[in-house]
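Open the model in your viewer, switch to a cartoon view, and follow the stops below.

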Amino acid sequence: MNSSSAVVTGIGVVAPTGVTTAEHWASVLAGKSGLGRITRFDAGDYPVRVAGQVPGFRAAEQVPARLVPQTDRGTHFGLAAAADALTDARVNPQELPEYEMAVVTAASSGGTEFGQHEMERLYTKGPDWVGAYQSIAWFYAATTGQVSIRHGMRGPCGVICTEQAGGLDVLGQARRLLGSGSRLVLGGGADASLCPYGLVAQLSNGGLSAEPDPARAYLPFDADASGYVPGEGAAMLVIEDEAAAAARGATVYGRLAGYAAGFDPPPGSPRPPALARTIRAALAEARLAPGDVDVVFADAAGTSAPAPRPPTGWRPRRWPRCSPRAASR
């Protein structure tokens, strides 16, 4: 496939900075943070108090009613963002060959909150109280599957689990799929692990910030960086073959010109970090020189080296439930 033949024609965003693409972009232009004190559950017994929570999202208004109790909050986000992206791209999936439309999403976890509720039922009431949808709502590919089913997209579908790099890897996979017969790829990422179970799972890696001030909790590239903060949300893109997009007069936001991925060696290895050669590989695939690049967007966890660990001996004194007003079920 020619590296210039993959273009982005639709965008959908559900984020702490806004529940639509327009709201999110306005927050970006204004430099508005989406971080705040955790309110989805009582986090008083946890060392982490700050997170990026999606405000004002009502699943019943964004997702088909039958899917709300069957799926996790992260999947709700993904379904809403996918629908917005298709609307933005002016794509009606029913008018396209079903096997030429693909879905790929990234996720760092599955339906964590959904799973917590079912585990609570298991341990407090017994196995007969565990819902049948636990089997399809908790795993990483749930959002991909639900988006595919809802829009009749029966081409190649998958999920990529590469943590913070997942969204970029989805773009690389989308380009590959367009080069192997797909006409359109609906791709992006969705996560929602802001519940006690999800927070404890993230605490185990030692990288979360315990700073209680939302303005100071996440300071990437700063000497005072203390870690990253958990968050939730989704972003989905419609990625099309350039010729197909031009044929229907689609608006093009951008072109996926080059992609490369690398993996750093373990600490103490004599091998150099992978970033430089990965950048060179992406530029080579795009047939660009470094001077052709106008802007670079860098991602950072905001952790010190080595990463901080949770307070020694810390254990939650109780297992708070997510508040009824915020629960996904």
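A cavity here is a set of grid points where a 1.4 Å probe fits but cannot get out. Keep in mind as you look around that this is a predicted model.

**Stop 1: the cavity**

How many cavities of 30 Å³ or more does a search of the whole structure find? The search finds 1. The largest cavity has a volume of about 100 Å³. To see where it sits, select Ser109, Gly110, Gly111, Thr143 and Ala190, which are the closest to its centre among the 15 residues that line it.

**Stop 2**

Which of the elements gives the most to the lining? That is β6, with 3 residues.

**Stop 3: along helix α3**

Select residues 73–89 to pick out helix α3, with its 17 residues. From first C-alpha to last, α3 reaches 24 Å, close to the 24 Å expected at 1.5 Å a residue. Is α3 mostly covered or mostly uncovered? Mostly covered: 14 of its 17 residues are buried.

**Stop 4**

Zoom in on the N-terminal end of α3, which aspartate 72 caps. Show its side chain and find the oxygen that lies 2.9 Å from the backbone nitrogen of glycine 74.

Note on methods. Residues numbered from 1 in each chain as written. Predicted model: local features only at pLDDT ≥ 70, side-chain atom pairs only at ≥ 80, totals over all residues. Heavy atoms only, no water. Helix = DSSP H or I, 4+ residues; strand = E, 2+ residues; numbered from the N terminus. Expected span 1.5 Å × (residues − 1). Buried < 20%, exposed > 50% of the residue type's maximum accessible area, 1.4 Å probe, protein only. Polar contact = N/O pair within 3.5 Å; in protein donor to acceptor, adjacent residues only side chain to side chain. 1 Å grid on protein atoms, 1.4 Å probe; cavity = no way out; pocket = protein on both sides within 12 Å on 5 of 7 lines; lining within 4 Å. Points joined across faces, edges and corners; volume = space filled by probe spheres on them.
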